[in-house]
Amino acid sequence: MTTRTDLDETPGIENLERMTRNLKKVEELSERLHRVMTNRKGHNPSLDAPNQELFGKAALAYWSEMINNPAKVLEHQMDYWSGTMKHFVEAQQTLAKGKLEAPQDPGPRDRRFANPLWDTHPYFNFVKQQYLINANALSQAVSDVTDMEPAEKNRLKYFSQQIIDMMSPTNFLATNPDALEKAIETEGQSLVQGLENLIRDLEANNGEMVVRLADEQAFELGRNIATSPGSVVFRNPMMEIIQYAPTTEKVYKTPLVIFPPWINKFYILDLKAQNSLVKWLADQGYTVFMVSWINPDATYSEIGLEDYIEQGYLTAIGEVKKITGEKQVNVVGYCIAGTTLSLTLSLMKQRGDKSVKSATFFTALTDFSDQGEFAPFLTDDFIDGIEEEIDDKGILPSVIMARTFSFLRSNDLIYSPAIRSYMMGETPPAFDLLYWNGDGANLPGKMAKQYLRGLCQRDELAQGGFDLLGHKLELSDIDVPVCSIACETDHIAAWKDCYRGVQKMGSKDKTFIVTESGHIAGIVNPPSKKKYGHYINADLSLDYADWLKAADFTEGSWWPRWEKWLKKRSGTMIPARKPGDSTHPVLCEAPGTYVKIKATV
């Protein structure tokens with residue numbers, strides 16, 4: 001029979017034992033944390049210097065505004081103080097009435113503050129409201145700065161927004177009700193697990209803070225991701241070429257060669273059968289070849305865009321022609337690979353090479369006159385810091401590029417995952433797209449410099465020509481049939497900028513499609529999901545805004561529309577081809593070996 005004493009003492013003993021175990025675990029984890037931070041590789045201070053200089057300029061501009069327009073600055077200060085004091089008094093009055101509740105809060109909806117306690121609990125509501133008041137004050141102060149160049153002001157807006165996002169109360173344990181509730185529910189175990197997750201991420205990245213977005217143990221290339229049957233039929237130091245097995249008895253005569261971006265892995269186009277563009281194309285009767293780029297290390301430091309073109313694009317096109325016996329191929333370039341495809345097509349035109357029958361571009365920038373959200377990262381001082389990093393390591397490490405892209409959407413790609421992993425102690429989700437997103441690639445040093453300086457910063461391809469391989473490469477040289485797909489909410493390659501580049505191409509046969517959603521979801525948009533629609537307008541002489549206004553909208557994926565376009569340029573049907581030939585034996589099965597090489601830090 002259980003006595004009252006048993007009921008009182010047993011939970012206490014269990015709690016004490018659990019607390020002792022957790023304290024011992026925290027002690028062990030603290031030692032690991034100390035070791036990883038002690039052995040952390042040196043940080044490149046040159047990448048911080050531009051920000052320090054920028055905020056110095058902002059401070060001078062603020063004081064200049066104070067001197068020249070004191071009434072305006074004083075008005076801002078008064079608005080800020082009155083807002084904070086008004087909210088403080090309201091909270092005090094509510095508490096004075098003996099009510100443990102927050103003032104009425106109809107305030108703006110924000111996914112970060114979804115927990116009801118942000119609206120109902122006086123402490124959390126007060127913290128939230130003060131944060132929002134402070135955030136608004138900082139945004140307003142930056143918006144009203146006048147004594148700065150537009151480019152400098154845009155950078156100031158970007159970095160000040162990073163500060164605003166970073167200081168959100170959801171990012172701190174003491175002011176995050178979700179994390180505190182979880183800690184209480186698990187008797188602190190969630191915090192111990194969170195510390196384990198933090199240290200594991202630091203150890204995996206030599207002390208660099210890179211938040212894991214997906215459960216890396218949940219996926220294996222070739223088993224449950226990148227599973228389309230195929231074979232590697234060619235390999236050189238730059239790439240492997242995968243020829244996918246046919247799924248139809250007959251195929252179109254003209255083969256299709258896909259060039260994915262080398263900043264990530266090709267299998268974004270072959271995540272799983274349900275959303276694999278590779279499989280879908282094979283099912284429509286195309287002979288699909290995929291380039292799988294090497295993940296470069298420091299030995300590739302002197303590899304430039306000319307090597308990607310000669311040993312990558314031109315070699316791949318040549319080898320596919322040999323394997324299939326065809327004189328021409330259709331090609332696809334995705335993102336940065338589409339940018340480089342433009343260079344290749346210009347070079348081929350100038351050399352008289354007619355091996356390409358048509359070219360398709362997925363979210364590919366060729367006109368960088370409007371740098372958009374990347375403008376803060378394309379100033380001289382920032383690229384100087386990047387080049388210093390490259391000179392030290394021989395490559396542009398994947399972690400730097402990943403961090404840059406993540407900070408464009410910091411709440412979604414940094415802070416929210418960090419909260420779930422480090423405060424809530426949750427295992428990252430088994431999500432294939434996020435797994436791919438974390439499987440980045442390094443960039444060869446020379447190529448990264450050429451891309452950042454010549455293409456992104458100086459916009460040479462669209463403005464006068466890009467010097468490479470003894471030629472001045474220009475968009476006007478591109479005269480093959482062109483189809484370009486851009487994404488409506490793309491923050492990496494804005495659709496209006498993609499459109500402007502296509503307008504400058506010399507082809508008389510140009511099709512432009514804008515799909516709903518962003519850089520990845522807009523492209524990986526299978527017809528079966530019936531999710532995102534697309535816009536089409538044949539008149540490419542219009543300004544981008546007028547083009548969209550006059551465009552026809554179609555529900556559903558752009559894939560079938562593009563396939564109809566591609567089919568007209570793919571020849572007759574012939575018996576299906578098996579991967580390789582007598583001079584191109586199968587080297588290994590897809591997805592090959594290069595895709596499995598992890599980025600070095």
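# Close-up views of a predicted model

View 1. Leaving aside residues up to four places away in sequence, Asp-497 is in contact with Leu-365, Asp-367 and Asp-370.

**View 2. The protein as a whole, as a setting for the other close-ups.** The protein contains 19 helices and 17 strands, and 52% of its 601 residues count as buried. Among the contacts in the protein with a separation of 6 or more, 80% are accounted for by residues 24 or more positions apart.

**View 3. The packing of helix α10 on helix α11.** Helix α10, residues 305-324, and helix α11, residues 336-351, pack with their axes 10 Å apart and at an angle of about 75°. Because of this angle, α10 is roughly perpendicular to α11. On the side of α10 the contact involves Leu-305, Ile-309, Glu-310, Tyr-313, Leu-314 and Ile-317, and these meet Ala-337, Thr-340, Leu-341, Leu-343, Thr-344, Leu-347, Met-348 and Arg-351 of α11. Sorted by class, the contact between α10 and α11 comprises 10 nonpolar, 2 polar and 2 charged residues.

View 4. Leu-468 is part of strand β10, and with a relative accessibility of 6% Leu-468 counts as buried.

View 5. Cys-335, although not a glycine, has a positive phi of about 60°, and Cys-335 is placed in the loop between β6, residues 329-334, and α11. With a relative accessible area of 16%, Cys-335 is buried. Asp-459 is likewise a residue other than glycine with a positive phi, here near 55°, and Asp-459 is found in the loop that lies between α16, residues 445-457, and β10, residues 466-468. The relative accessibility of Asp-459 is 4%, and Asp-459 therefore counts as buried.

**View 6. The cis peptide bond between Ala-590 and Pro-591.** In general, most peptide bonds are trans. The bond that joins Ala-590 and Pro-591 is cis, with omega at about 10°, and Pro-591 has its place in the segment after β17, residues 588-589.

**View 7. The loop residue Val-145 and the helices α5 and α6.** Val-145 lies in the loop between α5, residues 122-143, and α6, residues 150-166, and at 9% relative accessibility Val-145 counts as buried. Val-145 and Leu-156 are 11 residues apart along the chain, and their C-alpha atoms are separated by 9.7 Å. The two helices α5 and α6 pack at an angle of about 170°, with their axes 10 Å apart, which means that α5 is roughly antiparallel to α6. From α5, the residues that make the contact are Tyr-131, Ala-135, Leu-138, Ser-139, Val-142 and Ser-143, and from α6 they are Lys-153, Leu-156, Lys-157, Ser-160, Gln-161, Ile-163, Ile-164 and Asp-165. By class, the contact of α5 with α6 divides into 7 nonpolar, 4 polar and 3 charged residues.

**View 8. The buried residues of helix α13.** In helix α13, which covers residues 398-407, the residues Ser-398, Val-399, Ile-400, Met-401, Thr-404 and Ser-406 are buried. The elements against which these buried residues pack are α12 (380-393), β8 (395-396), α14 (410-423) and β9 (443-444).

View 9. Rolling a probe the size of a water molecule over the atoms shows where empty space is left. The structure holds 2 cavities of 30 Å³ or more, and the second largest cavity has a volume of about 60 Å³. The lining of the second largest cavity is formed by Pro-260, Pro-261, Trp-262, Asn-264, Lys-265, Phe-266, Ser-292, Trp-293, Ile-294, Asn-295 and Ala-441. Divided by class, the lining has 7 nonpolar residues, 3 polar residues and 1 charged residue.

Technical notes:
Residues numbered from 1 in each chain as written. Predicted model: local features only at pLDDT ≥ 70, side-chain atom pairs only at ≥ 80, totals over all residues. Heavy atoms only, no water. Axes fitted to C-alpha atoms, helices over the stretch in contact; angles between N-to-C directions. Helix = DSSP H or I, 4+ residues; strand = E, 2+ residues; numbered from the N terminus. Parallel < 35°, antiparallel > 145°, perpendicular 65-115°, else oblique. Contact = heavy atoms within 4.5 Å. Nonpolar A, V, L, I, M, F, W, Y, C, P; charged D, E, K, R; others polar. 1 Å grid on protein atoms, 1.4 Å probe; cavity = no way out; pocket = protein on both sides within 12 Å on 5 of 7 lines; lining within 4 Å. Points joined across faces, edges and corners; volume = space filled by probe spheres on them. Buried < 20%, exposed > 50% of the residue type's maximum accessible area, 1.4 Å probe, protein only.
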